[in-house]
Each structure stands twice: as C-alpha cells, then as structure tokens.
Amino acid sequence: MSIAIAPLNDNFAGEVRGIDLCEPLSRSDIEAIEAGMDRYAVLIFHDQRLNDDQQVAFSRNFGEIELAIGGNVTKPEDRRLAVELADVSNLSETNNVLAPDDRRSLFNIGNQLWHSDSSYRVVPAKYSLLSARQIPKTGGNTEFADMRAAYDALDDETKAEIEDLICVHSLLYSRGILGFTDFTEEEQRAFTPVRQRLVRCHPVTGRKSLFLSSHAGTIEGWLMPEARSLLRDLTEHATQAAFLHVHQWEQYDFVMWDNRQTVHRVRRFRSTDEVRDMRRTTIQGDGPTVSGDAPP
Ligand code: OGA
Ligand code: MN
C-alpha cells in the first residue's frame, strides 16, 4: 500500500488513500501527510477505525498534543474521554445524549459558528484531527473555508488596512453571540481574552491568511462595534461558497485540518435524538501569533 493524495473537486481539500492510520507510519508517510496539509489544509481519510489510543499515537507524529483543558464548561469529573481528546460529541460521561438544556449542549452549539480551534489560547492550534465514531443520519456536515484564498481575494486597500491589526479572542465572545452568558467566575477566569494577529503567515509556505474566528470579539485600538462590523464583513467574504469545502461524514471518516489556514463550523443536526460521537485530537501551534505574548 502506498500513500496517495488527490485534490477534491473544489480544489481545496485533499483525499488520502493507501494508508491505515491504526498502524505506525513510516517517516516518508508522515512527510507526505505534512506536505499534503501544507498544500490542501484539509485532508480526508476514509474508513479509519481508530480507537482513542491509536488516534493519540497517530496525532503525536505532528507535534505536541494540546490537552482539552480550559476550553469548555465540562467539569473534570464529567469527562467522557481522556484529556488528550476533545469531546465534540453530544454525549455525557455515561454515553447518553445530553439534554438540550444541559450547559454542555448549549456551549457546544458554539461549534456551529465559523472558528479556528483554540484561537482563544495564547498559542492557538496547529492541526485538528477529527474521528467520526458514530454519525447522525442527517445533518452535522462540517464545512471548511480556505483563509489563504480569502486573503488573496481581498483588495489591496483592505490588505493594507488589516495587515497589522491585533484581534482579541475569547470563548466569552463566541458563546456570547449565541446568548450563552451565564459563566461562573472560574470560567470567566479560564476564558480570559488573548491577542491574535488578524493576518498571519504560514511557517512553511509563507502564504498569508486571514485569522478569523467567532472567538474574536474586538480589535485592539478600535471601538467594539466598528471592530465587530469589520470582522463580520471579513467573515462573510471569507466564507463564500467559492472558498468552501463541505464534508459530509461517513462513519469512520478521519479529517485533519490546519487551523492556521482555515476556519470551520459544524451544521445543525437532531442533537437530542441522534448520537454524533466525534473525537478530536489537537496539535499545539508553534507559538503566539503576536510576538512577545508569552504562553501562560
Ligand atoms: C471541532 C469542531 C466540528 C464537528 O472538532 O473542532 O468544531 O464537526 N467540530 O463536530
Ligand atoms: Mn472546532
């Protein structure tokens, strides 16, 4: 079996064949996947029946795992999965579908807004790796938007205006958009805003991209309504159909994306009567996007 990566129709995501992610990979397979990520930014693998340990082992080929702590409202004793995995399912610690008014359900609806994973952390995520263990019959597609193409398509005046802007990101902002505002004092402390550049440069390809996210709630030095209006305009521009890849899940699909070059969102599904068991590993980024901002 040898690895092959081919572009999908939309010329953005790539589809990977000829590899079993449950097995240890050769150096050349890992390099092929990394090169595929640099080029396509989203890679789709089918029929990958990994368990959690295999998912973590595969993910470690690409860097340090970002632990799923401090990015949600799930109490440590209510965790369903190990800390190396972000639980993006609609399930409780006893594997039952969460009630619609459960805080965890309401918080998870935030994933339906365009975002880049962990943009609310000083060191935002590099890759995310999402394994579909069980999927609903309808709904729950995941959509990706190419922030390189979106940046390239801006006019020169806008590019110049935004080049050095610094946005302020927090889970308080993204959840606030949906009217979820009843945070405990501890959560408010955990979700302290962080700074991120609005335009970033990919460390390997050098390509510029827009670093947008629903977590971005304002821009340093700007009045909030003006900042939000610009961020809304940019997000609307960047998520036009021309820049999208829509992934319709099959059970055991495995999708990797580069959060430095894309945003994504999950679409609505019947979350109170169907199981959607998705498990994500996340690879830490290389450092803060604002030079001098120290990781906590
Ligand atoms: C994520 C996320 C998308 C999905 O895992 O980062 O946003 O399809 N989830 O569940
Ligand atoms: Mn996400």
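This is a predicted model: local features need pLDDT of at least 70, side-chain atom pairs count only at pLDDT 80 or more; totals for chains, interfaces and linings use all residues.
Figure 1. The side chain of His115 places an N or O atom 3.1 Å from an oxygen atom of ligand 1. For His264, a side-chain N or O atom is likewise 3.1 Å from an oxygen atom of ligand 1. Arg280 contributes a polar side-chain atom that lies 2.7 Å from a ligand 1 oxygen. Of the 290 Å² of accessible area that ligand 1 has on its own, the protein covers 99%.

**Figure 2. Protein donors of the manganese ion (ligand 2).** His115 (NE2), Asp117 (OD) and His264 (NE2) are the protein donors, at 2.1 to 2.2 Å from the ion. His115 and His264 link distant parts of the chain, being 149 residues apart. His115 belongs to the loop between α3 (103–108) and β5 (125–134), whereas His264 is in strand β14 (residues 262–266). His115 counts as buried because its relative accessible area is 3%, under the 20% limit. His264, with a relative accessible area of 5%, is also buried.

**Figure 3. Ala57 in helix α2.** Ala57 is located in helix α2, which spans residues 52–59. With a relative accessibility of 47%, Ala57 is classed as partly exposed. From C-alpha to C-alpha, Ala57 and His264 are 24 Å apart in space, with a separation of 207 residues in sequence.

Technical notes. Residues are numbered from 1 along each chain as its sequence is written. Chains are lettered from A and ligands numbered from 1 in the order in which they are written. Side-chain values use heavy atoms; hydrogens and water are left out. A polar contact is a pair of N or O atoms within 3.5 Å; within protein, one must be able to donate a hydrogen and the other to accept it, and residues adjacent in sequence count only if both atoms are side-chain atoms. Accessible areas come from the Shrake-Rupley method with a 1.4 Å probe; for residues, only the protein chains shown count as cover. Helices (H or I, at least four residues) and strands (E, at least two) are DSSP runs, numbered from the N terminus. Buried means under 20% relative accessible area, exposed over 50%, partly exposed in between (1.4 Å probe, protein chains only). Donors are N, O and S atoms within 2.8 Å of the metal (3.2 Å for Na, K and Ca); water is not among the atoms, so sites may look incomplete.
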